[in-house]
Amino acid sequence: TKRFTFADSADITQVASSACEWADVVYIPTDNTVASYASSEQFSKPVVAGEGGLCRKAGCVAVSIEYYDIGFRAGEMAYDILVNGKDPSTMPVEEVTKTTKVFNPANCARFNITVPDDYVSLTD
């Protein structure tokens, strides 16, 4: 395992190239800068993305989180704090429990990747 870092969006193409020279497959965690500026053309190797939005742009597969569900739960927690007077320091940290296995058909075809049947296609 090797980590590749970037300082800003201008570095993404160079970092993608370096990562693809080093690895057979690249994993990109959820990152807003990468999600905004990455494209499949920057990667000469398959990408496993940290979430569906990034997979749609540059990835082959992802186990995607549902931002709507996270936001809805955050709203419920805020209600408990603001209306019901709950102390946030006593509330447990919650983890995402609902995920969806997704794939980008075009990027999978580009690398001749066959995806298991339990993955959902990301289509526009």
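Select Phe4, Val26, Tyr27, Ile28 and Pro29 first: of the 21 residues that line the largest pocket of this predicted model, these lie nearest its centre. A pocket here is an open set of points on a 1 Å grid over the protein atoms alone, where a 1.4 Å probe fits, with protein on both sides within 12 Å along at least five of seven lines; lining residues have an atom within 4 Å of a point. The volume of the largest pocket is about 520 Å³, counted as the space filled by probe spheres set on the points, which are joined across faces, edges and corners.

Residues are numbered from 1 along each chain as its sequence is written. Because the model is predicted, local features need pLDDT of at least 70 and side-chain atom pairs count only at pLDDT 80 or more, while totals for chains, interfaces and linings use all residues; side-chain values use heavy atoms, without hydrogens and water.

Next, colour α1 (12-22) and β1 (26-28), each of which supplies at least two residues of this lining. Helices (H or I, at least four residues) and strands (E, at least two) are DSSP runs numbered from the N terminus. The greatest contribution is that of α1, with five residues. By class, the lining comprises 15 nonpolar, three polar and three charged residues; Ala, Val, Leu, Ile, Met, Phe, Trp, Tyr, Cys and Pro count as nonpolar, Asp, Glu, Lys and Arg as charged, and the others, Gly among them, as polar.

Move to the second largest pocket, with about 230 Å³ of space. Its lining includes Glu66, Asp69, Arg73, Met77 and Glu94, and divides into four nonpolar, one polar and six charged residues.

A salt bridge is a side-chain nitrogen of Lys or Arg within 4 Å of a carboxyl oxygen of Asp or Glu, and the whole structure has four.

Finally, select Lys101 and Asp118, a salt bridge with its closest N and O atoms 2.6 Å apart. Lys101 lies in strand β4 and Asp118 in the loop between α5 (105-110) and β5 (120-121), so the pair ties together parts 17 residues apart in sequence.
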